[in-house]
Amino acid sequence: MVDAVRAAQEAARKAQESLYTGIMTVTEHRKVTDDTSKLTRYEDIRVLDDQPCRLSFETLKQAISSEPATTVTQVIKLFLSPDITVRAGSKITVTQDGITADYAYSGIPAVYPTHQEIILNQFERWA
């Protein structure tokens, strides 16, 4: 029974990964101390390059009775392998369908046996 479940998960993972049309790079803003001067500064360090992924966009409309116009919010979701760890606060650069954009996230990823999902925001600056 366990082997059947594992085989089904592997098949589902392959199906999920066949939908990945994007490539992502993950950059972390880390403290680095110079060995000679002992000064500490921040550097942008790439921790992951050319990782297959997929972006999904969803528009949510929220009607608030006291507001004259409906509020529209876009949810950007990143799908990637469950084997990858992306630290909160990382800059995630995704190229998909010929468009490259920078994103950030600060939440907890939803990790499943077949994939993980991370909700993203537009990257503005390092915190």
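This is a predicted model: local features need pLDDT of at least 70, side-chain atom pairs count only at pLDDT 80 or more; totals for chains, interfaces and linings use all residues.

Trainee: OK, how many helices and strands are in the protein chain?
Mentor: The protein chain has 1 helix and 7 strands, in the order α-β-β-β-β-β-β-β from the N terminus. Helices (H or I, at least four residues) and strands (E, at least two) are DSSP runs, numbered from the N terminus.

Trainee: And what's the radius of gyration?
Mentor: The protein chain has 19 Å, whereas a compact globule of 127 residues would have a value near 14 Å. That's taken over C-alpha atoms, and the globule rule is 2.2 Å times the number of residues to the power 0.38. The C-alpha trace spans about 55 × 55 × 30 Å along its principal axes.

Trainee: How much of the chain is buried?
Mentor: 31% of the 127 residues count as buried. Buried means under 20% relative accessible area, exposed over 50%, and partly exposed in between (1.4 Å probe, protein chains only).

Trainee: What about contacts between residues at least 6 apart in sequence: what share joins residues at least 24 apart?
Mentor: It's 53% of them, with contact meaning heavy atoms within 4.5 Å.

Trainee: Which residues have the most contacts inside the largest nonpolar core?
Mentor: That core has 16 residues, and the ones with the most contacts inside it are Met24, Leu78, Leu80, Val86, Ile92, Val94 and Leu120. The elements giving two or more residues to this core are strands S1 (22–33), S2 (40–62), S3 (71–80), S4, S5 (99–104) and S7 (116–122). S3 gives the most, with 3 residues. By the rule used, a nonpolar core is a set of buried Ala, Val, Leu, Ile, Met, Phe, Trp, Tyr and Cys residues joined through side-chain atoms within 4.5 Å.

Trainee: Pick one of those. What does valine 94 touch?
Mentor: Not counting residues up to four places away in sequence, valine 94 touches Ile23, Met24, Cys53, Leu55, Leu78, Ile99, Thr100, Ala101 and Tyr103.

Trainee: Is glutamine 96 buried or exposed?
Mentor: Glutamine 96 counts as buried because its relative accessibility is 11%. Glutamine 96 is in strand S4 (residues 91–96). Leaving out residues up to four places away in sequence, glutamine 96 touches Thr21, Gly22, Cys53, Arg54 and Leu55.

Trainee: Switching to backbone angles, what is the phi of lysine 38?
Mentor: Lysine 38 has a positive phi of about 65°, although it is not a glycine. Lysine 38 lies in the loop between S1 and S2 and counts as exposed, at 60% relative accessibility. Aspartate 50 is not a glycine either, and has a positive phi of about 50°. Aspartate 50 lies in strand S2 and is exposed, with a relative accessible area of 57%.

Trainee: Which residues is threonine 33 in contact with?
Mentor: Leaving aside neighbours within four places in sequence, threonine 33 is in contact with Lys38, Leu39 and Thr40. The side chains of threonine 33 and threonine 40 make a polar contact at 3.2 Å. A polar contact is a pair of N or O atoms within 3.5 Å; within protein, one must be able to donate a hydrogen and the other to accept it, and residues adjacent in sequence count only if both atoms are side-chain atoms. Threonine 33 is found in strand S1 and is partly exposed, at 43% relative accessible area.

Trainee: Last topic: how many salt bridges does the structure hold?
Mentor: The structure holds 8. A salt bridge is a side-chain nitrogen of Lys or Arg within 4 Å of a carboxyl oxygen of Asp or Glu. One of them joins glutamate 17 to arginine 13, with the closest N and O atoms 2.9 Å apart. Glutamate 17 and arginine 13 both lie in helix H1 (residues 2–17), 4 residues apart, about one turn of the helix.

Notes
Residues are numbered from 1 along each chain as its sequence is written. Side-chain values use heavy atoms; hydrogens and water are left out.
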